[in-house]
Amino acid sequence: MSTWLVTGGAGFIGANFVLQAVASGVRVVNLDLLTYAGNPDTLATLQGNPDHVFVQGDIGDRQLVDTLLRRHRPDAVINFAAESHVDRSIDGPAAFVQTNVVGTLVLLEAVRDHWRALEDDARSAFRFLHVSTDEVYGSLGDTGKFTESTPYAPNSPYSASKAASDHLVRAFHHTYGLPTLTTNCSNNYGPYQFPEKLIPLVIAKALAGEALPVYGDGRNVRDWLYVEDHCKAIRTVLDSGVVGETYNVGGDAERENIEVVKTICALLDRRRPLEDGRRREELIAFVADRPGHDRRYAIDASRIRDGLGWRPAVTFEEGIARTVDWYLDHQPWVRRVLDGSYRLERIGSAA
Ligand code: NAD
């Protein structure tokens, strides 16, 4: 049975990944600081499962990471832990540098020393997978796509901090030989996403009949990937990726933000019409653009598709309908996030 140390596994993508991994028979040690973005409710179905060990702590705590590596002897470390919200990085970049850069460096040093001390077989099978974003490449014009050789040009404090962490991972491979893998993925959506991000925010506000804020002219383009497909891509790279490589991951689903918002409005109008008869599109309110807002992201995912055989299984239309239905079916989860009570939940923590 494999054991993985997963960091940030109480957040949106990390938790989806942990749920998939444990269901597939992997034992997971989940290290998460439980910042505002970490939600114990999301892991409720793993309560009491011996294959999930939750540890509340910081990837920047060298002693704790050393202890976990020594005690659990993981075959792989998958790093999701990060500050992840662009708007928050504009208001306060320091926390982003602390976790995404300094924290990743501390984790890398601990993992490097653990990996060096492994027996030959375990050392050659070991992997460190770093989960990153396409935002490190900056912004595109109307045409073109990001490839793995697109120069880094991050524009927000968030993407700058992720770019720095990607470079450190690269350097740890080239300098120390650490068997690293990096994935750079486009925008994710799906179950358990914190309602500060576009899709769950719009669903929550549209359900409540509130104004739907859309930045600028709403024509910024993102490529959208259903979170379960992203988790499968990470698993694919972990199982068969070429050590030292980076892999772009995307959904081949470019959409303007305004189109995404209108799609959600239409789905909700069909499922839960507003009592006063208004169509939800009428709630759309354009607001001042985010400073430095990247115009367009698009991913060329041919390396992971042609090299490793991964492709997204869920189309945007299917994924967004599933996501709207998930939020409708999980209103208690959303309510506990919105009223803050999710933060009072404690999960058994064992270093
Ligand atoms: P998230 O904000 O939902 O979750 C981040 C998790 O990390 C939280 O559970 C938080 O408690 C934890 N964390 C924060 N600081 C920590 C620290 N110092 N030590 C330990 N844990 C800490 O983020 P997400 O959307 O799930 O993103 C996960 C990763 O994937 C991030 O690295 C992000 O950059 C990357 N990514 C996200 C997207 C996306 O669309 N959400 C796309 C591509 C890549």
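**Helix packing and the ligand shell**

Analyst: In this predicted model, the axes of helix α2 (residues 62–72) and α4 cross at roughly 35 degrees and come within 9 Å. The crossing of α2 and α4 is right-handed.

User: Which residues make the contact of α2 with α4?

Analyst: From α2 they are Arg62, Val65, Asp66 and Leu69, and from α4 they are Val106, Leu107, Ala110, Val111 and His114. By class, this contact of α2 with α4 has six nonpolar, one polar and two charged residues.

User: What makes α4 roughly parallel to α6?

Analyst: The axes of α4 and helix α6 (residues 157–176) cross at roughly 15 degrees and come within 8 Å. Angles under 35 degrees count as roughly parallel, and therefore α4 is described as roughly parallel to α6. The crossing of these two helices, α4 and α6, is right-handed.

User: How do you know which residues of α4 and α6 make the contact?

Analyst: Two residues are in contact if their C-beta atoms, placed from the backbone, lie within 7 Å. The contact is made on the α4 side by residues including Phe96, Val97, Asn100 and Arg112, and on the α6 side by residues including Pro157, Tyr158, Lys162 and Tyr176. By class, the contact of α4 with α6 divides into 12 nonpolar, four polar and two charged residues.

User: Why is α1 called roughly perpendicular to α8?

Analyst: α1 and helix α8 (residues 227–240) pack at an angle of about 65 degrees, and their axes are 9 Å apart. Angles of 65 to 115 degrees count as roughly perpendicular, so α1 is roughly perpendicular to α8. The contact involves Phe12, Ile13, Asn16, Phe17 and Gln20 of α1, together with Val227, Glu228, His230, Cys231 and Ile234 of α8. Six nonpolar, three polar and one charged residues form this contact of α1 with α8. The crossing of α1 and α8 is right-handed.

User: How many residues surround the ligand, and which are the closest?

Analyst: The ligand is surrounded by 32 residues, and the closest are Gly8, Gly11, Ala37, Gly38 and Ala82. The elements that give two or more residues to this shell are α1 (12–23), β2 (27–32), α4 (94–116), β5 (127–133) and β7 (187–189).

User: What classes of residue does the shell around the ligand have?

Analyst: The shell has 14 nonpolar, 14 polar and four charged residues. Gly counts as polar and Ala as nonpolar.

User: What does UniProt place at residues 5–322?

Analyst: The unreviewed UniProt entry places the feature "domain: NAD(P)-binding" there, at residues 5–322. In the model, that span is 42% helix and 17% strand, and the end C-alpha atoms of residues 5–322 lie 29 Å apart.

Technical notes. Residues numbered from 1 in each chain as written. Predicted model: local features only at pLDDT ≥ 70, side-chain atom pairs only at ≥ 80, totals over all residues. Near = placed C-beta within 6 Å. Helix = DSSP H or I, 4+ residues; strand = E, 2+ residues; numbered from the N terminus. UniProt positions renumbered as here; feature names shortened; annotations may be inferred. Axes fitted to C-alpha atoms, helices over the stretch in contact; angles between N-to-C directions. Parallel < 35°, antiparallel > 145°, perpendicular 65-115°, else oblique. Left-handed = near helix turned anticlockwise from the far one by under 90°.
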